[in-house]
Amino acid sequence: MRGVNPTPQGPATASLSHLDDAGAIRSVLQRQVEGALAHVQLNQLASVSRPDSPAPQWLVELPLLQDSGQFDLWSLRVSRGDGQRQGRGKAGTQAAWALTLAFDLPALGPVQARVSIGGDRVSTQFWADRPATTALFERHLEDLRRQLRQAGLAVDHLSCRQGLPAPGRPPGRAA
């Protein structure tokens with residue numbers, strides 16, 4: 001599905017300790033497993049190419065367990081040829097691959113990052129919901145630019161913006 005945005009999601013507690021009855025635990029686990037499977041199916045359907053959007057894309061959600069027993073859900077979308085091209089002005093431009101990552105960590109708040117790469121050219125855009133997170137990312141952009149160049153990449157665009165991209169629209173470079 002074109003325009004599916006990963007959405008940062010906050011931590012979820014992984015605990016059934018508040019339930020005493022084995023039947024209640026089974027019921028809760030069954031609902032949670034059914035919900036997780038439905039979510040996986042939705043991501044798989046969203047990854048299927050459609051005639052109006054031939055660009056392939058893959059959606060993955062990665063639950064990461066914290067020491068506190070909570071899960072952080074990292075949403076990852078990989079797409080190719082979504083209308084953005086890298087290496088403009090060069091002969092034989094290549095379709096960009098784009099990786100969009102969304103997460104919500106307690107210390108940073110909701111964050112999205114989009115990295116587009118085509119050939120040896122890269123563009124990276126960060127969005128952070130909190131002003132302090134935006135400032136933190138902005139302080140480190142030049143270090144990231146230097147490291148990307150040291151890796152042999154030409155940096156076309158590198159920035160961090162306050163707020164998150166509009167839902168239902170793939171995040172891209174703002175005008």
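User: What makes the contact between the side chains of Asp 143 and Arg 146 a salt bridge?

Analyst: The N to O distance there is 3.4 Å. The label asks for a side-chain nitrogen of Lys or Arg within 4 Å of a carboxyl oxygen of Asp or Glu, so 3.4 Å qualifies. Keep in mind that this is a predicted model, where local features need pLDDT of at least 70 and side-chain atom pairs count only at pLDDT 80 or more, while totals for chains, interfaces and linings use all residues. Residues are numbered from 1 along each chain as its sequence is written, and side-chain values use heavy atoms, with hydrogens and water left out.

User: Where do Asp 143 and Arg 146 sit relative to one another?

Analyst: Both belong to helix α3, and being 3 residues apart puts about one helical turn between them. Helices here are DSSP runs (H or I, at least four residues), as are strands (E, at least two), numbered from the N terminus.

User: Why are Asp 143 and Arg 146 called partly exposed?

Analyst: Buried means under 20% relative accessible area, exposed means over 50%, and partly exposed is what lies in between (1.4 Å probe, protein chains only). Asp 143 comes in at 33% and Arg 146 at 40%, so both land in the middle class.

User: How many salt bridges does the structure hold, and which other one is in α3?

Analyst: There are 3 salt bridges. Arg 145 and Glu 142 meet in one at 3.3 Å, N to O. These two are also 3 residues apart in helix α3 (residues 141–150), about one helical turn. Arg 145 counts as buried, because its relative accessibility is 18%.

User: What does the salt bridge between Asp 156 and Arg 121 tie together?

Analyst: Their side chains meet at 2.6 Å, N to O. Asp 156 lies in strand β7 and Arg 121 in strand β6, so the pair links parts that are 35 residues apart in sequence. The two ends fall in separate classes: Asp 156, at 30%, is partly exposed, whereas Arg 121, at 19%, is buried.

User: How many aromatic pairs are there, and why is Trp 58 with Trp 97 called stacked?

Analyst: Rings of Phe, Tyr and Trp (its six-membered ring) pair if their centres lie within 6.5 Å; planes under 30 degrees apart count as stacked, over 60 as edge-to-face and the rest as tilted. By that rule the count is 3 aromatic pairs. Trp 58 and Trp 97 are 6.0 Å apart, centre to centre, with 20° between the planes, and are listed as stacked. Trp 58 is in strand β2 (residues 57–65) and Trp 97 in strand β4 (residues 94–105), so this pair connects parts 39 residues apart in sequence.

User: What makes the pair of Phe 126 and Phe 137 edge-to-face?

Analyst: The centres are 5.2 Å apart and the planes make an angle of 85°, so the pair passes both cut-offs. Phe 126 belongs to strand β6 (residues 121–128) and Phe 137 to helix α2 (residues 131–139), so parts 11 residues apart in sequence are tied together. Both residues are buried.

User: How do you know how enclosed β6 is?

Analyst: Of its 8 residues, 8 are buried, so β6 is largely enclosed by the rest of the structure. Arg 121, Ser 123, Gln 125 and Trp 127 point one way, while Val 122, Thr 124, Phe 126 and Ala 128 point the other way.

User: Which strands pair with β6, and what is the basis?

Analyst: Two strands pair if DSSP finds at least two bridges between them. Strand β5 (residues 109–118) runs antiparallel to β6, with 8 bridges, and strand β7 (residues 154–162) runs parallel to β6, also with 8 bridges. In β5, Ala 113 stands opposite Phe 126; in β7, Leu 158 is the bridge partner of Thr 124. The β5 and β6 hairpin has 2 residues between its strands, and Gly 119 in the turn has a positive phi of about 65°.
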